[in-house]
Amino acid sequence: MSRLEQLYQDMILEHNKHPRHFESIESPTHTAFGKNPLCGDEYHLSVEIKDNVVFLIGFQGSGCAISKSSASMMTELVLGKSVQEALQIKEAFLTLLMQDEAGTDRSLLGKLMVFEGVKKYPVRVKCATLIWRTLEAALEGVVEVSTE
Amino acid sequence: MTVLNSSNDLDRIRRDFPVLSQNGLVYLDNAATTQKPRCVADRLYKFYTEEYGTIHRGVYQLSQQATDFYESSRETVRGFLNARSISEVIFTKGTTEAINLVANSFGRAFLKAGDEIIISGMEHHANIVPWQQVCEATGALLRVVPLQDDGAILMSDFQKLLSDRTKLVSMVHVSNALGTVNPVSEIVKLAHGVGAKVLIDGAQAVSHVPVDVQALDCDFYVFSSHKLYGPTGVGVLYGKEDFLNRMPPYQTGGDMIESVTFEKTTFAKAPARFEAGTPAIAEVIGFAEAIRYVQTIGFDYIQKQESLLLAYATAQFEKLSGVTIIGTASEKASVLSFSIEGVHPHDIGTVMDDLGIAIRAGHHCAQPVMKRFGVAATARASFAFYNTTEEIDMLVMGVKRCQELLA
Ligand SMILES: Cc1ncc(COP(=O)(O)O)c(C=O)c1O
């Protein structure tokens, strides 16, 4: 696989074209707005936490294929997980992209490993991590995050 | 088309730019910054290895010679702009600093509550934010000439905003995001008609069109060396001499005073008045070399080649389905902003990079322009006289690759 094909893997392209949970939800308990000023990616994320579990989740906005597919796959993965589990996955994902692979708990990431190719494109790491930063902000009650 | 490509002229010119012979590089981000000809790099090297010294103070040979080089660079810029006098050429860090200088000096000294500053809807952030700051400090108001769908402004819209409250018009000569060339002569005439001063942001213009500040009659003209084949860290503020000497200094310190006692300081006249501290000596000298290089190529050749490239690229892009050109004004410089249906500009940038093509993807420091056209960002290819139609063919291939992969 070329470097470019490692970046734009089929699963990423498919989620970009048909993002999951690409909608606003009725009664969110946690919301946040995330943006990447450099390239203009912007997402509103809303989450409904019920009994400490991600009961509903949705995102809206626009951005590149990497940020959008990352958002789509994030919503799939954290849905039904406890808040703690969601935050653990977030940590593992950020470690995968931003630090040595050695520190990554791959077992938590599953399908998200397709984003490993992003590491070869340092300027795109912010795209892949944007929605996770936004999730972190939502769960911690921060209203707006920027990856600049 | 191929006639010019195979011409010796173009080959020879490309050999002047060592980086262009790098394997597989297609450099189409000239509106952000241009590549440097060997003579500019050589000039910097020679100055640093054989001639380096400070200016305006040493009594020794090296310093005197450096001062001569520095001051003769001012003469080179004067000639390039056809300014009346070298006192009208102030070296700054770049366009951004030149605008901030005028905003802080002219703005704070001459603007008061209720006065108005007019800009256009296609300005770079560097020609928006300094004026917003001045307005906040003085109570003046910022008025904006709206953009038409093709990315041009209408003189009738401009005239509607002009009044005796207008104290300054600050407008871009050539838009970096859209390529639009503004009718600056007419803008100057109309603005002077109500007694307003005019600043022209020539950052994108000086590499494409000859500029004669006396014919243009603008009060200020600003641009950056790095977009004109010269070093980074240098730019120019041209201003009319009598007016410059009525403006208070922007920064104070060494080199810009006549005399200092602890009770009172008298300031030197322009240009020293606005050049506090040790300037970018080597870069200024390299900049003059870049101007001489551009003058050797000549604007006849530059304009011929660049309009050919723009026409060729525009025609190729118009044939592509799902591709929209943003900025279609009748007067345009060689800038091609575009979007591809279903593909985010950032992804376009990455796919192009994979093919060795350097283009810009983003908001181009002109977020109001992006908003006007309802996009978060665009992809932008911008051409210099050293680019070729083959490189545009590569760009078109890149667009198709984006569509295959992502659309
Ligand atoms: C139209 C315009 N104005 C101002 C600037 C700022 O120039 P600099 O960053 O060299 O100060 C630019 C550079 O992108 C520009 O294109």
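## Where chain B meets chain A

In this predicted model, 13 residues from chain B and 16 residues from chain A take part in the contact between the chains, two residues being in contact if their C-beta atoms, placed from the backbone, lie within 7 Å. On the side of chain B that touches chain A, at least two residues each come from α13 (345-354), β14 (360-362) and α15 (389-406) of chain B, and α13(B) gives the most, with five residues. Helices (H or I, at least four residues) and strands (E, at least two) are DSSP runs, numbered from the N terminus.

This side of chain B consists of six nonpolar, five polar and two charged residues, where Ala, Val, Leu, Ile, Met, Phe, Trp, Tyr, Cys and Pro count as nonpolar, Asp, Glu, Lys and Arg as charged, and the others, Gly among them, as polar.

## The two domains of chain B

Chain B is divided into domain 1 (2-30 + 298-406) and domain 2 (42-295), with bounds from an automatic or database domain assignment. Their centres, taken over C-alpha atoms, are separated by 28 Å, and the contact between them takes 20 residues from domain 1 and 21 residues from domain 2.

On the domain 1 side, α12 (299-319), β12 (335-340) and α14 (367-372) of chain B are the elements that give two or more residues; by class, this side has 10 nonpolar, six polar and four charged residues.

## Around the ligand

The ligand is surrounded by 13 residues, of which the closest are Gly94(B), Thr96(B), His124(B), Asn176(B) and Ser224(B); a residue is near a molecule if its C-beta atom, placed from the backbone, lies within 6 Å of it. This shell holds four nonpolar, eight polar and one charged residue.

## Conventions

Residues are numbered from 1 along each chain as its sequence is written, while chains are lettered from A and ligands numbered from 1 in the order in which they are written. As the model is predicted, local features need pLDDT of at least 70 and side-chain atom pairs count only at pLDDT 80 or more, whereas totals for chains, interfaces and linings use all residues.
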